[in-house]
Amino acid sequence: MLICSVLLALLIGWAGGGRLSRWEGAGLRLLPLPVLALLLQRGLGLLPSGAYDAWAPVILLLSYGSLLAFCLGNRRMPKTALLTGLGSLCNLAVIAANGFRMPVSQQAAALLSPAGLADLQALRIPMYALASGDTRLLFLGDIFYCPIPFLSGFASIGDLLLALGVFFALMAAMAPPRLPRWLCTG
């Protein structure tokens, strides 16, 4: 989802005459924090299987805390801060409510290969669990599946909000002069 958002923003920004060299004018602050958040979450996949349950709460709280600090630091860019903050809070809420694993709906999981579904059921995919009758806040979980090669994966409402926040941040950073102002303000 994040990759699609970045590519779409770059294509639209460049088509509208925007340039990445204008990023300093956007006033985007604390840019290393979302990068840190992404690296922390990717690092969860490197933990040995037995260590996940012990370390996931700490690492995920640091990750989402970094994203929320980024939002506070960029509150002058209301679209970026609001969308990124809401997306972060949605994802954190559903993950925390479900043992620090993102629940994947049965419908989305049905699109997986049999081996992928077995891995999801056995909790062999870090950060994810197959939704069941005990799942809390499933509507905030991964209820969408993108089957596009190289971009395939699950997505939640929080992921969509985060992707929109990234889109508006990039549009503000590129400042395309031939596009409507509402689209180019973060």
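How many salt bridges does the count come to by the rule that a side-chain nitrogen of Lys or Arg lies within 4 Å of a carboxyl oxygen of Asp or Glu? The count comes to 2 salt bridges.

The structure is a predicted model, in which local features need pLDDT of at least 70 and side-chain atom pairs count only at pLDDT 80 or more, whereas totals for chains, interfaces and linings use all residues. Residues are numbered from 1 along each chain as its sequence is written, and side-chain values use heavy atoms, with hydrogens and water left out.

**Fold and overall dimensions**

The chain holds 7 helices and 4 strands, where helices (H or I, at least four residues) and strands (E, at least two) are DSSP runs numbered from the N terminus. Read from the N terminus, the elements follow the order α-α-α-α-β-α-α-β-β-β-α. The radius of gyration of the chain, 17 Å, is close to the 16 Å that the globule rule gives for 186 residues, so the chain is as compact as a globular protein of that length; the radius is taken over C-alpha atoms, and the rule is 2.2 Å times the number of residues to the power 0.38. Along its principal axes, the C-alpha trace spans about 50 × 30 × 25 Å.

**Packing and surface**

Of the 186 residues in the chain, 41% are buried, a class defined by under 20% relative accessible area, with exposed meaning over 50% and partly exposed lying in between (1.4 Å probe, protein chains only). Among contacts (heavy atoms within 4.5 Å) between residues at least 6 apart in sequence, 69% join residues at least 24 apart. The chain exposes about 10,000 Å², and carbon and sulfur atoms supply 71% of this area, which comes from the Shrake-Rupley method with a 1.4 Å probe.

**Charges and salt bridges**

There are 12 positive and 6 negative side chains, and the centres of the two sets lie 18 Å apart; Lys and Arg count as positive and Asp and Glu as negative, while His and the chain ends are not counted. Each charge is placed at NZ of Lys, CZ of Arg, CG of Asp or CD of Glu.

| Salt bridge | N to O distance |
|---|---|
| Arg 101 and Asp 53 | 3.7 Å |
| Asp 119 and Arg 124 | 2.8 Å |

The salt bridge of Arg 101 with Asp 53 links distant parts of the chain, since Arg 101 is in the loop between helix H4 (78-97) and strand E1 (102-104) and Asp 53 is in helix H3 (residues 52-73), 48 residues apart. Arg 101 is buried, with a relative accessible area of 8%, whereas Asp 53 is exposed at 53%.
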